[in-house]
Amino acid sequence: MTKSSKVLRKIISDFYMVLILIFLYAPILTMMVLSFNKSKSRTQWGGFTLQWYTQMFDSRSIMSALTTTLIIAFVSALVATVIGTAAAISISSMRTVPRTIVMGVTNIPMLNADIVTGISLMLAFIAFGISLGFKTVLISHITFNIPYVILSVMPKLKQTDKYTYEAALDLGASPLYAFFKVVFPDIMPGVLSGFLLAFTMSLDDFIITHFTKGAGINTLSTLIYSEVRRGIRPSMYALSSIIFLTVLILLIFVNFRSIKKPEKA
């Protein structure tokens, strides 16, 4: 390959990357700009303002939906991480054939359509006489988050040396102590990834929440959906911008830590 062809290939590659980034982030940047637009128009700039952010924090419906969303996302991610990690440890100790079957069954909820899962959970709650509300949304989010945690933890368990755990038992450590001192530090990145993935999935979910929430409770996704039908307010732009920036900062922080760790070693 000649030097000129290498340069041309690099130019095309860089152009393609820039094009992809524009396609992904131009809509988000547009929304963030509109969140500072004094005019409610989406096509005319009326001047810089922070009134939509003030209006957002003053809105009881938005703050209530935000609080509910964060509580459900955090609690469901935490519970799903504990259950999913325990399940992954149990699955990893199985023989090859049963493990393959169980993993296949575990992956079904991730491949299944959300609308099927949402309707199924709604019918199950009604059949057991459970009134739809906060608790049903929380149970639903825990349910569909568990497979994602298992999927995140399993690769780390495969990389863990089981002989180190057995050596700790031979040296007198209890199974629980040996697990937290030997195994858990090795699978911690997978557990953390599973928690963050579960938190993000819960934060973003609409369809399952829509079918299991009942009346009198709203998450951000269901609130935004109801607002879109009546004409979305600019305060929603402000809310979405804050959520995007928060997630971006969190991802930068996590990735920065993962880059710095090898340097310390």
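Predicted model: local features only at pLDDT ≥ 70, side-chain atom pairs only at ≥ 80, totals over all residues.
Local features are given where pLDDT is at least 70, side-chain atom pairs count only at pLDDT 80 or more, and totals for chains, interfaces and linings use all residues. Numbering starts from 1 along each chain as its sequence is written, and side-chain values use heavy atoms, with hydrogens and water left out.

## The cores

The largest nonpolar core holds 23 residues. A nonpolar core is a set of buried Ala, Val, Leu, Ile, Met, Phe, Trp, Tyr and Cys residues joined through side-chain atoms within 4.5 Å. Buried means under 20% relative accessible area, exposed means over 50%, and partly exposed lies in between (1.4 Å probe, protein chains only). The residues with the most contacts inside this core are Ala 88, Ile 150, Val 153, Met 154, Leu 157 and Ile 187. Helices H3 (60-92), H6 (134-159) and H8 (175-204) each supply at least two of its residues. H6 gives the largest share, nine residues. Helices (H or I, at least four residues) and strands (E, at least two) are DSSP runs, numbered from the N terminus.

What does Ile 150 touch, leaving aside its neighbours within four places in sequence? Its contacts are Gly 84, Ala 87, Ala 88, Ile 91, Met 103 and Thr 106. Contact means heavy atoms within 4.5 Å.

## Residues on H3

Ala 80 is found in helix H3. It counts as buried, because its relative accessibility is 0%. Residues up to four places away in sequence aside, Ala 80 touches Thr 85, Ile 142, Asn 145, Ile 146 and Val 149.

Ser 76 also lies in helix H3. With a relative accessible area of 0%, Ser 76 is buried. Beyond its neighbours within four places in sequence, Ser 76 is in contact with Leu 138, His 141, Ile 142, Asn 145 and Ser 202. Its side chain makes a polar contact of 3.3 Å with the side chain of Ser 202. A polar contact is a pair of N or O atoms within 3.5 Å; within protein, one must be able to donate a hydrogen and the other to accept it, and residues adjacent in sequence count only if both atoms are side-chain atoms. A polar atom of the Ser 76 side chain also lies 3.2 Å from the backbone oxygen of Ala 73.

Phe 74 has its place in helix H3 too. Phe 74 is partly exposed, at a relative accessible area of 43%. Neighbours within four places in sequence aside, Phe 74 is in contact with Phe 195 and Phe 199.

## Two further residues

Ser 226 sits in helix H10 (residues 220-230). It is buried, with a relative accessible area of 17%. A polar atom of its side chain lies 2.7 Å from the backbone oxygen of Leu 223.

Phe 128 is in the loop between helix H5 (114-127) and H6. Is Phe 128 buried or exposed? It is exposed, with a relative accessible area of 69%.

The table sets separation along the chain beside C-alpha distance.

| Pair | Apart in sequence | C-alpha to C-alpha |
|---|---|---|
| Phe 74 and Leu 29 | 45 residues | 27 Å |
| Phe 128 and Ile 208 | 80 residues | 18 Å |
| Ala 80 and Tyr 148 | 68 residues | 8.8 Å |

## Pocket and cavity

On a 1 Å grid over the protein atoms alone, a cavity is a set of points where a 1.4 Å probe fits but cannot get out, and a pocket is an open set with protein on both sides within 12 Å along at least five of seven lines; lining residues have an atom within 4 Å of a point.

The second largest pocket has a volume of about 420 Å³. Its lining has 13 residues, and Ile 89, Ser 92, Ser 93, Leu 157 and Lys 162 lie nearest its centre. H3, H6, helix H7 (162-170) and H8 each supply at least two lining residues. H6 gives the largest share, three residues.

How many cavities of 30 Å³ or more does the structure hold? There is one. The largest cavity has a volume of about 50 Å³. Its lining includes Thr 69, Ile 72, His 141, Ser 202 and Leu 220. H3, H8 and H10 each give two or more residues to this lining.

Note on methods:
Points joined across faces, edges and corners; volume = space filled by probe spheres on them.
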